[in-house]
Amino acid sequence: MTSANELRRSRVMSRYHSVRSTTSELTRGLTAEDMTTQTCADVSPTKWHLGHTTWFFETFVLRPFGDERVHDPTFPFLFNSYYEAMGARQPRAQRGALCRPPLEEVWTYRRSIDERVSSLIESLPESQWKEVEQRIVIGLHHEMQHQELLLMDIKHVLGTHPFPPQDTRVLEASNPVEACGYTRFSGGLHPFGHRGDAFAFDNEGPSHLQNLVPFELADRPVSAEEYLRFVEDDGYAQSELWLSDGWAWVQDQGIKAPLYWRKLDGRWHVFHLEGERPLLPTEPVMHVSFYEADAYARWSGARLPTEYEWEHAASQTPVEGVFLESGRRSPAPVGSGALSALFGDLWELTQSAYAPYPGFRALPGALGEYNGKFMSNQVVLRGGSFATPQSHIRATYRNFFYPHQRWAFQGFRLAKDV
């Protein structure tokens, strides 16, 4: 009879290979040139993602628990991301300069580490198993983050090319966008942050109480049609709509529309992972920065929700939506009805600064660098996207980006005071 411990190890083994295989599958159809290109400092080459996620398991799972072999002595420098405790590393903005190791050698690296992790799972003494299991689970959620980052980055590589791929699908006509409704919440004192024994990142806790004043939350994200009205009303030229830093950013960068929008023969087109096509009125606007979302909210007479308001609303709805498992490579059209698309489709910008919760303490050691040291000058996003694995998301999940960044799969919905 199979013991409970053997079943646990078997489940971890199965999950490990499933997540790792998904990452590999996401590269299908890409050329070696696609996978080694870096188009800006925010973007990392696909080859680097493959190597970095593998380095994570070698560094934080294998080496601390008896398998101290280093696959290649140059890889820690090449594939470390930002872990100061783990030594020097290739600067992020220069990852695209790495012509070596060749791509096939990175695939060999992945296969080798997968074999060694499998051996560790099978042979590790029971006294060490709980800690190793926790490390593997962290590594798998880390890899799921990089699955989305890989798609974000390859979209930038393909979408900023002078001749981006074209979407040749026959798209079905959609109904006109209905006016957006709002759901009212009464406010009050509520618990926030992660509770229970299920996996969560350290920045999701500790659980604490927060008072909310009554507010209204839009039932759906802002659509492309609605945002287009802002563009055509010269919203990008009205300084009174913009935060000071946002206005300086718009002027300095010459921003006039969301990322991946361009006007061809008098009509707006947008690039998706499926290719470039005419802008659809019913798709949610995406690839806008916090500055753009905030300016639109002012223009429309509303505001962005706080992360607490968003979590309070999301905690009352199931974690359902368009996720990575759907196979879609763009969000679904905006829906109608109360509080649609809170999860999946697109990450939703909030007005909240990414800061520690009361009583937050980073994890000890190098893994403590994972989230805590970035709690400065960034904003919180919630809910996940079409590129987020469903098992990776929850109402308490806190994603974060700098206010000017917009290459992530992000959009926004509005909120109002009552």
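How many bridges join strand β1 to β4, and in which sense do the two strands run? In this predicted model, local features need pLDDT of at least 70, side-chain atom pairs count only at pLDDT 80 or more, and totals for chains, interfaces and linings use all residues. Residues are numbered from 1 along each chain as its sequence is written, and side-chain values use heavy atoms, with hydrogens and water left out.

Strand β1 (residues 182-185) is joined to β4 by 4 bridges, and the two run antiparallel. Pairing requires at least two DSSP bridges between two strands. Arg184 stands opposite Glu216 of β4. Strand β12 (residues 415-417) also pairs with β4, over 3 bridges in the antiparallel sense. Here Phe215 has Asp417 of β12 as its bridge partner. Within β4 (residues 215-218), Phe215 and Leu217 point one way, Glu216 and Ala218 the other way. All are buried (under 20% relative accessible area; exposed is over 50%, partly exposed in between; 1.4 Å probe, protein chains only).

Helix α7 (residues 224-232) packs against helix α9 (residues 290-300) at about 85°, with axes 11 Å apart. Axes are lines fitted to C-alpha atoms, for helices over the stretch in contact, and angles run from 0 to 180 degrees between N-to-C directions. The helices are therefore roughly perpendicular (65 to 115 degrees). Glu226, Tyr227, Arg229 and Phe230 of α7 meet Glu292, Ala295, Tyr296 and Trp299 of α9 (contact: heavy atoms within 4.5 Å).

Helix α10 (residues 307-314) is mostly covered, with 8 of its 8 residues buried. Among them are Trp310 and His312. Helices (H or I, at least four residues) and strands (E, at least two) are DSSP runs, numbered from the N terminus.

Methods. Parallel < 35°, antiparallel > 145°, perpendicular 65-115°, else oblique.
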